[in-house]
Amino acid sequence: MCHSCVAGGVHSGASRRSFARFLAAGAGLTVLAACTPAAPAGVALSSSSLAPAATSASPSPVAVPSVESTTAAAEPPAQVPASPSAALPRQFSLTDPASPWLVVNKHRPLAPADYLPADLVQPNVPLAVSGEAALLNSTTAAAAEAMFAAAALDGVSMTLASGYRSYGTQVATYNGYVAARGLADADTASARPGYSEHQTGWSFDIGDGGGACGFQPCFADQPAAVWAKANGHRFGFVVRYPWMFHPITGYYYEPWHLRYIGVETAADMANRGISTVEEYFGVEAAPGYP
């Protein structure tokens, strides 16, 4: 995601500023603010209990059988609607960092905060980075290799532009933003340590093979981004931060940031027309830190 790059911190602040100018000018921040979808609202379980049977306190010469209060016949408590993901035959944890269904956002930090994937590997794909940024967990790496190969067969060249990022790297990145821009502004540009999807190994940023528009709004129109948006679900990937859903995800559009959630899951999201993992897995929106 670009809270590692534009909104994340391992790239220059210039990209972030250009993104802000884009939203305020060409894309129209007024339109964006007016058209943002409402965050999904959960339905709370009723905590009301059945009333006890009504009895009389006055003595009576005739035995009167106890009659249940009419409140006891009230409708049963409302149930929380099942999330769309509940329809899938296999279910995974939403909190275990080793789970493909892990949901990390500004309300859901990693536990432990300094989580380190046990199976980091370097995928056999074109790389635009080196070191830890060229690593992914083994499941994501295999899926990325298949996706990059399929894109190449369609004449589309893409690169791995930013993969794994350790807790220590995120600490340095975030603190750099705080020092340069203050806490409030840093939170709009960089994930706090322990809140970044990149630390899980389940996500990565792509670049176009030609190098155009890296981590900029215009990347959405590049062949790599267009192809990944249309085909990523075939390999288990979703665009994690889609356009106009920042009130739910907490981040503006990042067409370069892909997240592995599994082929069956990604395909189901696509078929249902669901845009965010928050909505699909039935967790609350996270526009900002609590």
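1. A disulfide is a pair of cysteine sulfur atoms within 2.5 Å. A search of the whole structure finds one disulfide. Cysteine 213 and cysteine 218 are the partners, with an S to S distance of 2.1 Å. The torsion about their S-S bond is about -115°, so this disulfide is left-handed.

2. A word on what you are looking at: this is a predicted model, where local features need pLDDT of at least 70 and side-chain atom pairs count only at pLDDT 80 or more, while totals for chains, interfaces and linings use all residues. Residues are numbered from 1 along each chain as its sequence is written, and side-chain values use heavy atoms, leaving out hydrogens and water.

3. The average pLDDT (the predictor's confidence in each residue, from 0 to 100) is 80 for the protein, and 72% of the residues score at least 70. Over residues 4-73, however, the pLDDT is below 50, although this stretch has 108 contacts beyond near neighbours in sequence (contact means heavy atoms within 4.5 Å). Where pLDDT is low, the predicted coordinates should not be read in detail.

4. Buried means under 20% relative accessible area, exposed over 50%, and partly exposed in between (1.4 Å probe, protein chains only). Cysteine 213 is buried at 17%, whereas cysteine 218 is partly exposed at 30%.

5. Do also visit threonine 265, which is buried at 4% relative accessibility. Leaving aside neighbours within four places in sequence, threonine 265 is in contact with Leu88, Trp101, Tyr280 and Phe281.
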